[in-house]
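Keep the 3D view open as you read.

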Amino acid sequence: IVTAANEHFSHFGYGKTTVADLAKAIGFSKAYIYKFFDSKQAIGEAICAQCLGTVLAAVQGSIAEGESATDKFRRMFQVMVKMSTELFFTDRKLYDIAAYSTAEGWQSSKDYDAQIKAILLSILQEGRERGEFERKTPLDETTRAIFLVMQPFVNPLLLQYNLDLVADAPKEIASLVLRSLSP
């Protein structure tokens, strides 16, 4: 159902599709779809969770190769921007689902944000332990502030307005953030 829904949403868009449209297109009854999913949103969330899981896997893979907390932060931010740009804007209909997810506060988006904050927190803790980053600012405040600074380049609702900046701005922002973290 998720695979077929993803394909259907890719052609017609998430917002313009009803469960009845989806059922008809994939050859199932609405009742059969509702047996597995409570709503169209639940199907959208499953698709969104898969896509965000792809971004998370890429982020985790890239930071595993990092040699320092500084390197891990740069890699994390760079991969997030690259993957978000590719996923959300190569397939414009997938962007539609991501935008709904973010705007409506779906659980898949909230979980993704929480996981990114946890990864960021881990990098910050490592940087502090190794003496790469300052220790004065409370860790939770630092994590939230950096997460907010990253939003224009990883949040699909904001990224759409910054596509012309993705070549250079994320590198510049990462450098600025890392300078602010210096001991």
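At roughly what angle do the axes of helix α8 and helix α10 cross? In this predicted model, the axes of α8 (residues 139-154) and α10 (residues 169-181) cross at roughly 165 degrees and come within 10 Å. Axes here are lines fitted to C-alpha atoms, for helices over the stretch in contact, and angles run from 0 to 180 degrees between N-to-C directions. The crossing angle therefore makes α8 roughly antiparallel to α10, a label for angles over 145 degrees. The crossing of α8 past α10 is right-handed, that is, the near helix is turned clockwise from the far one by less than a right angle.

Now look at the side chains. From α8, Thr142, Ile146, Val149 and Phe153 meet Ala169, Pro170, Ile173, Val177 and Leu181 of α10, where contact means heavy atoms within 4.5 Å. Eight residues of this contact are nonpolar, one is polar and none is charged. In this scheme Ala, Val, Leu, Ile, Met, Phe, Trp, Tyr, Cys and Pro are nonpolar, Asp, Glu, Lys and Arg are charged, and the others, Gly among them, are polar.

Two buried residues are worth a visit. Val81, in helix α5 (residues 69-90), is buried with a relative accessible area of 4%; buried means under 20% (1.4 Å probe, protein chains only). Not counting residues up to four places away in sequence, Val81 touches Phe153, Val154, Val166 and Pro170. Leaving aside neighbours within four places in sequence, Thr143 is in contact with Lys117, Leu120, Leu121 and Leu124.

Stepping back, the protein chain has 10 helices and zero strands, taken as DSSP runs (helices H or I, at least four residues; strands E, at least two) numbered from the N terminus. The C-alpha trace spans about 60 × 30 × 25 Å along its principal axes. Of the 183 residues, 44% count as buried. Among contacts between residues at least 6 apart in sequence, 67% join residues at least 24 apart.

A note on reading the numbers: residues are numbered from 1 along each chain as its sequence is written, and side-chain values use heavy atoms, without hydrogens and water. Local features need pLDDT of at least 70 and side-chain atom pairs count only at pLDDT 80 or more, while totals for chains, interfaces and linings use all residues.

Terms used
Parallel < 35°, antiparallel > 145°, perpendicular 65-115°, else oblique. Buried < 20%, exposed > 50% of the residue type's maximum accessible area, 1.4 Å probe, protein only.
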